[in-house]
Amino acid sequence: GPACTAGPFLQRRKAMAHTETMLESREIFNGRVIRVTVDKVQLEDGTTSTREIVHHHGGACILPVDADGSVTMVRQFRYAFGEEIWELPAGKLEPGEDPFESAKRELSEECGLSADNYIDLGVVYPTVGYDSEKIYLWAATGLHKGGQHLDAGEFLDVVRMPFEEALQKVLHGEIKDSKTQIGLMKYALLRDKA
């Protein structure tokens, strides 16, 4: 059947790197958080197309896990969606900022926590179709309480809950934020393999 012929075709295609070449770029917006360009690109068959790109400096996200297995999350209103969203502590990177240092700062600022141990959970590309944002993820263990110090204009609730409850919120669609879903699920898989 068709499945038999698809395999070898896909294997041959993998050997060929797909690419698009920028021919020209026009900036249409440059704001505090994002820059937007409209780019003319040449496709691999020689034709041209247009790409609208949101340029973003990226973010850092941290999953704080207590000794008893509880996770600390934040709940805040996100204007773009018009609703409160469950999230792991996270923040945007300043140009050239080290993502790991940013993650530790967000843990302190948003949750009033520091940690003895950090586990690299990799990087997430949350919106690959039009946005250059990369979010770097860590888990933090060996937590210590300090003082919360939110940025001006930042309003959020800090909530501790059992890790399994957070995972259930992902599975039941209550946690919709991609970095939070991925951080929780990736840590759960790593934890279960240990």
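Start by selecting phenylalanine 100: its relative accessible area is 24%, which makes it partly exposed, the class between buried (under 20%) and exposed (over 50%), with a 1.4 Å probe and protein chains only. This is a predicted model, in which local features need pLDDT of at least 70 and side-chain atom pairs count only at pLDDT 80 or more, while totals for chains, interfaces and linings use all residues. Residues are numbered from 1 along each chain as its sequence is written, and side-chain values use heavy atoms, leaving out hydrogens and water.

How many aromatic pairs does a search of the whole structure find? The search gives three, where rings of Phe, Tyr and Trp (its six-membered ring) pair if their centres lie within 6.5 Å; planes under 30 degrees apart are stacked, over 60 edge-to-face, and the rest tilted. The rings of phenylalanine 100 and tryptophan 138 have centres 5.3 Å apart and planes at 45°, so this pair is tilted. Phenylalanine 100 sits in helix 2 and tryptophan 138 in strand 9, so the pair ties together parts 38 residues apart in sequence. Helices (H or I, at least four residues) and strands (E, at least two) are DSSP runs, numbered from the N terminus.

Next, select residues 99–111 to see helix 2 whole. Its 13 residues should span 18 Å at 1.5 Å a residue, and the end C-alpha atoms are 18 Å apart, which agrees; the expected span is 1.5 Å times one less than the number of residues. Buried residues here include Pro99, Ala103, Leu107 and Cys111. The buried residues of this helix pack against several strands, among them strand 5 (70–78), strand 8 (113–124) and strand 9 (135–145), with contact meaning heavy atoms within 4.5 Å. Step just past the helix to glycine 112, where phi is positive, at about 65°.

For the last stop, select phenylalanine 163 and tyrosine 187. Are they buried or exposed? Phenylalanine 163 counts as buried at 3% relative accessibility, and tyrosine 187 counts as buried at 11%.
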